[in-house]
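Please look through the model below with these notes beside it.

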Amino acid sequence: MSAIWTHKRSPLPAFVIIYGLLLAYGSFYPFEWRAWPAHGPGMPEWPAHIDKGDLVQNLLVYMPFGAFVTMLWRQGLWRGVVLAMACAGVFSLGVEMVQQWLPARVSSLGDVAADMTGSAVGAGFGGLLSQDTQPGAWLARLRAKWILPGPLPNTGMAVLALWFLSQASPLVPTLDIAYLRHELGQVWRAVMAPESLRPPKLAVLLCYQTGLGLLLYTLANRRQSRLLAYCCLACAVWIAKLLVPERTLSAELMAASLLALPLLMIYGSLPPRVMAACSFVLIAAGLGISELSPAQWTGRAVPFNWVPFRAQMSGLDGFENIVECVWPGMALAYLLRLAVPPQHKRVCALVGGLLLAVSMLALEWMQQRVPGRFGDITQVAMVCAGWIVPWCVRRRLPVHPQ
């Protein structure tokens, strides 16, 4: 898997720098500085109370940082974890000390500890992607058995992982019996009342489920196991939505997962390029419908937001919103690379990216007239950022089994 980063023109150093700048941007926003800290500059202190939402958010946002660091320097699993924790600790401590000049932010050593822990977890995952470690070598053998060879399929696997994260974030399950009984009761009531299904949401999820199923088909090394792999992925999302608090297993998701099965049986016999093109159209349609679907009306109109990430810094909902925007852009770029000849790569990347940016900006602008929705430039930026990633990966054409 680490082959995606090992070629000469690796985009990983640029990813590390860009992600570090994004972390600094989120830590210093809204950039309202004061002349001198209220209690004078000094070492941050431990907080009297740790907010669970802030803790989980810090863990999640620093996990990619740790993964990027350990994959960039490739020092082995344990050395990579130590290196990622050291880099995150220095970076986070510097950020927290600068925050003493920001009245809207609270400097805390608890945030430094959470950031280092998140980086360590991300470094652990990054180390597993390297064949230099024993677990990484085992995963590489498992990947070679089920997934087509080459670095580009790794991007497709990342799309599926990001989609799963968007559905199951923050990945903190509960085993409280009363909570599970309540959730199962809600699922049963939703199944017994099919008239409560919301057609726009069902249409979005059906497009996404079928498109992601076809995307999974483009990765599978064995035709016989593709439908089973989709069923396992759908069941994993169902279970995660049942176990993770604040996530709900909706009737629309269950219906979309089941309705996608016959469609996957039909489209699964198509040639790989045609299958990738169909998946591209379905995910693009789902993205367009989701952008224009009404939401719960708050009773007041919200103007278009031109400040990046302003609406995503209030809690975990913002993190989920970012992931929900990144994976469709990555999926569209990955599928387009499979559907078009390699010699047209640059033209498709530039023209397709421009059309995607213009389309997303138009959809976000139109949301000002959709009840319960408001336009946000962050959505446009995140979809376009997801679009860029697959084009940075070198391609080795996979051989699909006949």
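1. The structure holds zero disulfides, a disulfide being a pair of cysteine sulfur atoms within 2.5 Å. Cys-235 is in no disulfide, and the nearest cysteine sulfur, that of Cys-231, lies 6.5 Å away. Cys-235 counts as partly exposed because its relative accessibility is 42%, where buried means under 20% relative accessible area, exposed over 50%, and partly exposed in between (1.4 Å probe, protein chains only).

2. This is a predicted model, in which local features need pLDDT of at least 70 and side-chain atom pairs count only at pLDDT 80 or more, while totals for chains, interfaces and linings use all residues. Residues are numbered from 1 along each chain as its sequence is written, and side-chain values use heavy atoms, with hydrogens and water left out.

3. Helix H7 (residues 152–168) packs with helix H9 (residues 199–219) at an angle of about 145 degrees, their axes being 9 Å apart; axes are lines fitted to C-alpha atoms over the stretch in contact, and angles run from 0 to 180 degrees between N-to-C directions.

4. The protein chain has 15 helices and zero strands, which are DSSP runs (helices H or I, at least four residues; strands E, at least two) numbered from the N terminus. Of its 402 residues, 46% count as buried. The C-alpha atoms of the protein chain fill a box of roughly 70 × 55 × 50 Å, taken along the principal axes.
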